[in-house]
Amino acid sequence: MSKGVQPISRIIGMGVSYPETILSNSDLEKIVDTNDEWIVSRTGIKERHIVKRGERTSDYCIRAAREAIAEAGVDPLDIDAIVLGTISGDFRFPSTAVLVQEAIGAKNAAAWDVSATCSGFLFSLYMADTLLAANRAKYVLILGAELLTPMVNWSDRSTCVLFGDAAGAMIVTKATDERGIMSVVIGSNGAHVDLLYSIGAGTASKGDLAASNGDRYLVMNGNEVFRHAVRVLERMAVEAVAKAGLEPADIDWLIPHQANTRIIRATAERMGLPMDKVFLNIHKYGNTSSASVPLAMYEARNEGKLKDGQTMLSVVFGGGFTWGGTVIRF
Ligand code: UT7
């Protein structure tokens, strides 16, 4: 019998999708006053994948979902719920989740979006685990998907260098052995909306924030977000590990939200985890918001790093603020 709590649910299929077009740091040097050295040393990002005009979030979700369903070997008709973490859906309404439902033929599913910024995937995982614990579902399709690059101000060097576009999907079902989601914790604090937001087509579009910053773009006070992120991520890591009935030494991999290598390094240090136990792919994709964790988990597994029987910890932090942590035994 392995150490730690018995999981209720587990992941049986994963899929990802991201645009082909790569924007490197040297490409960005031609757009704004920046340089590769600054971006790499401050963030860890070397390049990011960006969408072309006319592409939609649902396009990427559908591809990722199909791959996850194929790996899981489930009939789409057996999926009971589709929960999609996104703040960059195709429409103001309906949800992007219903577009995915229609495309994959999951006619028996209830489908909805979750608005939790970079924590959207963890919030969706939390819902899947809760639905399975309550015997309200047999198979849940969860996704984290974000096309943020159409939302950034390409003349603001403090934000436009950070983001990339991607989608990740997973099928979650009841655990049958010691493998699965051992803990998942989430939280929010609405006191700092002004530090990271985008008004877009929201009803605040004639409000004070709009008057000072313009409606269209993603706005971030990077320094302040950084400060909050480091503190909260450590707290999430400690909570998720304790709820799993484990200690930091039991964690084989930290697979965190890929927003900034310095934030990730600080979290690992505070947990006493060496960097060779930390999975990073931020250099290839930048910050893909709610897609970042499923994309990192997928790559960690497919590169043969995250192996069957190993235990991973993930922590996320995003605008809202929102946050979360999970411990999963693979
Ligand atoms: O995923 C959601 C959560 N988001 C995050 O976790 C992001 C958290 N924040 C961050 O990752 C970092 O704060 C940033 C990467 C956004 C910025 O790094 P920083 O070390 O906090 O830099 P800074 O904002 O303090 O800027 C330092 C300097 C400034 O110049 P001065 O005032 O010192 O002359 C900036 O104007 O760097 C300048 N700067 C740049 N220089 C070259 C800002 N952006 C750039 C740039 N290229 N792209």
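Predicted model: local features only at pLDDT ≥ 70, side-chain atom pairs only at ≥ 80, totals over all residues.
**Ligand shell.** I listed the residues around the ligand and found 22, of which Thr 34, Arg 42, Asn 223, Asn 260 and Asn 287 come nearest. By class, I counted 10 nonpolar, 8 polar and 4 charged residues in this shell. I then checked the domains: domain 1 (9-177) and domain 2 (182-329) each supply at least three residues to the shell.

For Arg 157, a backbone N or O atom lies 2.9 Å from a nitrogen atom of the ligand. I noted next that the protein covers 74% of the 960 Å² of accessible area that the ligand has on its own. Two or more shell residues come from each of α2 (36-43), α6 (157-160), α8 (222-243) and α9 (261-271). Helix α8 gives the most, with 4 residues.

**Strand β12.** I turned to residues 311-318 and found 8 of 8 buried. Thr 311, Leu 313, Val 315 and Phe 317 point one way, whereas Met 312, Ser 314, Val 316 and Gly 318 point the other way. In general, side chains in a regular strand alternate between the two faces of the sheet.

**Partners of β12.** I found β11 (residues 253-254) paired with β12 in the parallel sense over 2 bridges, with Leu 254 bridged to Leu 313. On β13 (residues 322-329), which runs antiparallel to β12 over 8 bridges, Val 327 stands opposite Leu 313. In the hairpin of β12 and β13, 3 residues lie between the strands, and Gly 320 takes a positive phi near 140 degrees.

Definitions and conventions:
Residues numbered from 1 in each chain as written. Heavy atoms only, no water. Near = heavy atom within 4 Å. Polar contact = N/O pair within 3.5 Å; in protein donor to acceptor, adjacent residues only side chain to side chain. Areas by Shrake-Rupley, 256 points an atom, 1.4 Å probe, with all protein chains shown as cover. Nonpolar A, V, L, I, M, F, W, Y, C, P; charged D, E, K, R; others polar. Domains from an automatic or database assignment. Buried < 20%, exposed > 50% of the residue type's maximum accessible area, 1.4 Å probe, protein only. Pairing = 2+ DSSP bridges.
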